[in-house]
Amino acid sequence: MSIPDPPPGPIAKTTYTLAVCLYPHFTTLDYQGPIEILTAYSTSSRKNYSLLFETFPDSAIDAEFLSHSMELVEPMIGPKVLPTRTYKDAMEQGKQFDIILIPGGAGNPGNVDPSLLEFIKTQYPKAKHVLTVCSGSWILAGTGLLSGKKATTNKQGFRLIEELTKDLNVTWVPKARWVVTDDKKIWTSSGVTAGMDLANAFMEYFVGKEFAYQACKVIELTPKGEGEDEWAAAHGLV
């Protein structure tokens, strides 16, 4: 007995583009967890998840996965990932993304391919939002775009990142599950799983609490609020 395909969900009135920035030895959950929420109402999800959601927002977020080359990208743990576009190609083709997502991992401003930093700086002026997870905020800080702004990062490496960026004028917040700048453009999270809390908070802002809750309900996530950070104390930061 075959199972019929579900009816498609309503077509989004507006579709936003999301660039997931990959690099060697990134942390898989840093991006994979958030995109379960961020792209819950994507163009493809409206076909596959139409039986799971009661209603759909007017907008969708569709993701692309970028790297410095089209070769498979090896994470710290887990299977290699095939990118859909390179940073260089995106810049040469004038591709502008609405949302930029920078995961953490073993990357830092000194060891990632320069095209990643150039891509972020090129995209930033017209991008609507930049999201970072874990030490992804360290990469963003290396572009100078966090200068004069508040942010947070992985608590295990908090003091090291704070020390190495002391000349960049970043206000690092030690106790925070996630932090958003006053203009709502830059969203940074603490370590790994905090990226899902950030994604939920972002979707509450972007499409509303009802739709953010629906996405959490499907994946059975109980998100934490901005200040619900037990790990700051565990790592001696407060």
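In what order do the seven strands of the open sheet stand? Going across, the order is β3-β2-β1-β4-β5-β9-β8, and the pairing is mixed. Bear in mind that this is a predicted model.

- As background, strands of a sheet pair through backbone hydrogen bonds, and the pairing can be parallel or antiparallel.

**Strand β2 and its neighbours**

- Strand β2 covers residues 59–67, and seven of its nine residues are buried, so the rest of the structure largely encloses it.
- On one side, β2 pairs with strand β1 (residues 14–21) in the parallel sense, over eight bridges.
- As part of that pairing, Val20 has Phe65 of β2 as its bridge partner.
- β2 also runs parallel to strand β3 (residues 85–86), and two bridges join them.
- Here Leu66 stands opposite Arg85 in β3.

**Glu64, a residue to look up**

- Glu64 lies in strand β2.
- Its side chain is joined to that of Arg85 by a polar contact of 3.0 Å.
- Setting aside neighbours within four places in sequence, Glu64 is in contact with Leu18, Ala19, Val20, Thr84, Arg85, Lys95 and Phe97.
- Two of those contacts, Lys95 and Phe97, also turn up together elsewhere: the charged end of Lys95 sits over the ring of Phe97, 5.2 Å from its centre.

**Aromatic rings**

- There are 14 aromatic pairs in the structure.
- One of them is Phe53 with Phe56, an edge-to-face pair at 5.7 Å centre to centre, with 90 degrees between the planes.
- Phe53 and Phe56 are both buried.
- Another edge-to-face pair is Phe97 with Phe119, at 6.0 Å centre to centre and 70 degrees between the planes.
- That pair links distant parts of the chain, 22 residues apart: Phe97 is in the loop between α3 (87–92) and β4, while Phe119 is in helix α4 (residues 114–123).
- Why do both rings count as buried? The cut-off is under 20% relative accessible area; Phe97 has 1%, so it is buried, and Phe119 has 0%, so it is buried too.
- Ring pairs also link Tyr16, Trp178, Trp187, Phe202, Tyr205 and Phe206 into a cluster.
- For another charge over a ring, look at Lys185: its charged end sits over the ring of Tyr124, 4.0 Å from the centre.

**Helix α8**

- Which residues of α8 (residues 209–219) are buried? They are Phe211, Ala212, Gln214, Ala215 and Cys216.
- Just after α8, Glu220 takes a positive phi of about 60 degrees.

Note on methods: Residues are numbered from 1 along each chain as its sequence is written. This is a predicted model: local features need pLDDT of at least 70, side-chain atom pairs count only at pLDDT 80 or more; totals for chains, interfaces and linings use all residues. Side-chain values use heavy atoms; hydrogens and water are left out. Buried means under 20% relative accessible area, exposed over 50%, partly exposed in between (1.4 Å probe, protein chains only). Helices (H or I, at least four residues) and strands (E, at least two) are DSSP runs, numbered from the N terminus. Two strands pair if DSSP finds at least two bridges between them. A polar contact is a pair of N or O atoms within 3.5 Å; within protein, one must be able to donate a hydrogen and the other to accept it, and residues adjacent in sequence count only if both atoms are side-chain atoms. Contact means heavy atoms within 4.5 Å. Rings of Phe, Tyr and Trp (its six-membered ring) pair if their centres lie within 6.5 Å; planes under 30 degrees apart count as stacked, over 60 as edge-to-face and the rest as tilted. A charge sits over a ring if NZ of Lys or CZ of Arg is within 6 Å of the ring centre and within 35 degrees of the ring normal.
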